[in-house]
Amino acid sequence: MTMNRRETLKLIAGSSLSAFMPALARAQAVGGGTGYKAIVTLFLYGGNDSNNMIVPTDARHADYASIRGGSIALDQSALVPLQGTSYGLHPALSPLESIWNEGALNWVFNSGPLLEPLTRSLYESRPDLRPANLFSHDAQQNLWQTAGAASELPTGWLGRVGDRFVDAGLRAPSISLSGAQRAMIGDRNSPLLISGGNLQRSGYNPNDMGSAAIARRNAVDTMMAASQSATLSELTAAIMRGDIDAGLQLNTILNSDQSAVDAAFVDPNGAAVTGSLADQLKRVARLIEGRDQLSATRQTFMVSTGGFDNHRGQAATHSGLLTNVGRCVYGFYNTLKALGMENDVALFTMSDFNRVCKGNGSAGSDHAWGSHHFVVGGGLQPNQLLGTYPELALGGPSDARTDGRWIPTTSVEEYAGSLVRWLGVSDADMPYVFPNWSNWNGGGRGPVGLFA
Amino acid sequence: MRIQTLIVSSLTVLAAAMTPAAFAGDLVAAVSPPVRSIALPDGGTATATTFATVINRTDAALGNCEVDLPGRFNSLQLNYGWTDPATNALVPGSENTPFSLGPRASQSLVIAITAAAEFDGVIPPVFECGGGATADSLYGVNTFELNVASTPPIDIVTIGLTLSGDGVIRVPREGGRQAFAVAALNIGGAGTVRITPVGLFGQNADLPADLTLCMTNAQGQCFITPEPFIDTFFGTNDVFTFAVFAQAHSGFVIPLAPASNRVEVQFRAGAQLAAATSAAITAPGPDYVLGSTEALRLAQQATFGANQTLLENIRRIGIEAWVDDQLGRTDSTYADLGLEAVPTNFCSNMPNPCRRDHLTAFRLQMRFFQNAMEQPDQLRQRVGWALSQIAVVSEHEVPLNYALANYQEMLLSNAFGNYRDILEGTARSPVMGDYLDMVNSRASAPNENFPRELMQLFSLGEARLNRDGTAQVDGTGRDLPAYTEADVLALSRALTGWVYPSAGNFIPSFNNPPNFTGPMESVASQHDNGSKTFLGVGMIGGQSADADLEQAIDIIFNHSNVPPFISRQLIQHLVMSNPSPAYVERVTAVFENNGQNIRGDLRAVVRTILLDPEARNLNPDANMAGKLREPVLLMTSVMRLIGADTDGYAFLRRMGGMGQVPYESPSVFNFYPPDYALQGSVGLISPSQGLMNMSTVFERHNVTLDWTLSGSNNRWDWRPLSDYPGATGTQVNWSSWGRLAQTPDRLLDVLDEIALEESLTPTQRTAILDAMSAQTYWGNPLIEAENRARLAIYLITTSPQFQLDH
């Protein structure tokens, strides 16, 4: 049964929470209460062609190659074999091979926004069951990030996880290193948005005891503290005040020269990894390193990188993008090990959608649907390939159209839900985080088995 | 009357005319003449005398009063004596003798300053009584400029006399004229001086008055017609009289503010200021139709930032007349930049600025900021800027200056045109064709990117809308979609067959080389001319690419979603982030039909948006009002407020850290989503909040501080770019703000009025004044005042009140 929009909105507003749920004990709201755990979302913007991230290396490879066409199909010989499986990785993802061999890399096949489990015939006969605006970047990004399925919600599932954590009194549960992200907007918590730079106000030095400096700081504070007439204005001012306070705390953590992170963030050849995504992940690592200073025990982080909307000339571009992803993820996992935190942190990918399996006429591919993703972490159940790889037949049972747009067989809830449960959100809170949870829990459905 | 007696009596009135300032000293003093030039004999000393009056402003008796020099003038010696105000004679035995001042009493003095070496500078004498009572130093009123030179300079003593006898030139009515008499005696060597009346006005604008002068005869009549300046030869002991005329500009007020609004008559021998006299000036303004807050609210909605002159214009002619004037303006353009067509490999063997100038949006962006700062068609530019955030193209994927200029010129020139022209413009533009892959899309593999975004972002939106902008929902509460995947496919097919223009000489063909000099051209063989059903309308088979495009645009344009979808976003870009559905519906109605049965008339739509009662409401609903200023609007507001003169480069150097550089949107979804939810609210959206993260909060503060408190004219990001022809960098004239800051209460009144909608609270005012008075610059009152002005402006422009439109 799908929840209608009004009910969902009431739920989000929180006021009638008790009408829907049994009473929640605050302590029970956060399971596995000791130590530290964090999940890191790596969002690949533009619609990552995950058909080419993980590729069958058995007899299916011929089907794969003939569907994709010469300009974008990967030769079998080029693939990096995943030991013990019939799959290989895009050559650019070779840094992930050692992580698989260590048992810290899992894959989830053919996942995506779904209202209910769908077959091809149901997809065709029941348009009301299709997620809205299926091949639209904005709409699908929002469905992955808000887990609304029917239509977009004003808050995101990571934000709702954050809501439960702040209800339980936890600190700094949501941090985005990649600017404003739908996924992290909560009803009663907002993510810290960190994007580098020195987080302080010029000219405001609390240690300057000169009379002019004191009077000036007092004037700055007085202006900042004034209450505003409109709700929008007052909330905005409150956000500014909060950001300024938080910035002071985080400044130390992000800029300390005592950190172990920079030295450990290297690729398999020991070379330092640079660039925007690397910087984001290094900041995540520093924040994990500094978790005690923040008194943080349960956190969600979000990083992202873009450019994956390869309608034209895909091969070289996609290879470059995946090279960056591979090196950054390797560097990040290496750093977690250096910090001794590899068992307490899991990084996982998401993207707007997969791309059409059949190549288009411009040596690229267009928007599709069900996509494959990987999860990295020392706490994983080793070497799992979860979900169901689609049947590689154009117009076949896995195809929503006739060109290879896979109908997901694992919902966003089943994929992300596994991570959220591992993080410590209780059974009872899962419907708050995922409004559609009842469709994916029970009756043969449930979160994928990423963890032990 | 003898000049010296004249001097003394005028001093008294001058001093008495000083309006009380926030931290005015207990004493007030005036010095005249304010300038002397004297000759230094070989191996000897030279002494210049001047007269002063000190007044006790308190009701308490003060004793032990003295005059002295500030410590740094250790090469000079100051002696003073008391004078009889009636005769100007020195009181015997009073040399360097401290004096008393009864309550409200005054003392006239003669001051003699002796130099043993050449000297040229402004001296602020210190007037102080026991118990710490002092007089504030006010440049030109109680400062003394001394020039000591070896060759005997011309040494003129001059005095002015206003008709009202109170040291104030009082123009009798708006646009009227007033005279002021000046007498000058040369007690030095012979020489020629140029005499020029100069207007001094607070907060960086020109005194709104034309100043002229003439030499007069003994009856006070001009020998010849008054002129802006005259050159006169003075022999030793020559006396001349002059009349100075101030013709106030109609439509402008000159407030009575003797510290900052003055006419100074300067006598210059070459570049050297040999003498000066000045008087305050005031002129009544017109009866304003509007209050200042009303005018400011409109300026925030319709311009890139308010300043005093703009607000006076609006107040004078009223909202409707000002809006109608704006709707007729076409001053800004990018057309010239769009003519500089180059191939994409143009800079392969060219030296450095080539790439910057042609293969990035740099020059287009410079022009954007120059226009925003200076061009009077402010509203048109605001609408063009809004349209560029709806129908987005970005330098990230089309790095060609002339191409981007052509596209933005299309939007700007249609800002008050018809929205259908904009939709068609995006469809035919090779820039958009490149950006969203419509160029070279062909029948065998139609590209869905542009068709999808044309509907989703530029015209319909994703949900079916009511006329009031709210989404239509089905029985289960789901949004009804505005279009389906089948519509996307149909539109993709209809828009196949377009290629880059072929530069005239040959037949257009598939995969023409990139060329952005004109609209895309069609290739029939690549066009899918089968029949289609699009948005419920049948498109017959056999139509050409051009006919399909025209019909598709018509179908989209006539969809009921377009008026509310576009109207709501324009309201959000101009006025407020959360308009009421009723407001949206009123604007939708005008979009649908402008009253002359025309659909899509943006001129009428924008007019309606600004004149609507919800936009003009001085007491808006607190639950709906408000709009966070996006970085571009914040920074142009700061710079237009302070009166910066800029070629735009400073913005390009500093805006990146705030996440918004014009025409460099990270994706077709703009810098921020139009429906970004405001954290902590129930149902409010705040689109530019999408750019407000911890990093940008600090960046907004720090750049604003750099350009106000630390805004000295040689700062690194204000220097002109050396390899850019015509580069002027950025400068601000702080001296006029400084003059206004000599009366801090008045400075805050002005800033409150032109920047904060008169929302400054008493607590805030006190805190700012305290910070200003704690900011000192010993020995140079004008620099001290400038620093204080910059501090006040910094505190106000970094406040939450200034970050938001209310």
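## A buried pair in chain A

A:D403 is buried, with a relative accessible area of 17% (buried means under 20% relative accessible area, exposed over 50% and partly exposed in between, using a 1.4 Å probe and protein chains only). A:R405 counts as buried too, at 4% relative accessibility. These residues form a salt bridge in this predicted model, with the closest N and O atoms 3.2 Å apart. For that term, think of a side-chain nitrogen of Lys or Arg within 4 Å of a carboxyl oxygen of Asp or Glu. Over all chains, the structure holds 54 salt bridges.

## Helix to helix in chain B

Over in chain B, the side chains of B:E485 and B:R452 meet in a salt bridge, at 3.0 Å from N to O. The pair links distant parts of the chain, 33 residues apart: B:E485 belongs to helix α13 (residues 485-494), and B:R452 to helix α12 (residues 449-456). Helices are DSSP runs of H or I with at least four residues, strands are runs of E with at least two, and both are numbered from the N terminus.

## Strand to helix, and a network

B:K532 and B:D548 also pair up through their side chains, in a salt bridge of 2.7 Å, N to O. Because B:K532 sits in strand β22 (residues 532-534) and B:D548 in helix α14 (residues 545-557), the pair ties together parts of chain B that are 16 residues apart in sequence. B:K532 is buried, with a relative accessible area of 3%, and B:D548 counts as buried at 0% relative accessibility.

Then there's a network: salt bridges that share partners join B:R420, B:E424, B:R428, B:D546, B:E550 and B:D554.

The model scores ipTM 0.82 and pTM 0.75. Chain B averages a pLDDT of 91, and 96% of its residues score at least 70; pLDDT is the predictor's confidence in each residue, from 0 to 100. Residues 19-23 of chain B stay under 50, and the model has 12 contacts for them beyond four places in sequence, where contact means heavy atoms within 4.5 Å.

Residues are numbered from 1 along each chain as its sequence is written, while chains are lettered from A and ligands numbered from 1 in the order in which they are written. Since this is a predicted model, local features need pLDDT of at least 70 and side-chain atom pairs count only at pLDDT 80 or more, while totals for chains, interfaces and linings use all residues; side-chain values use heavy atoms, with hydrogens and water left out.
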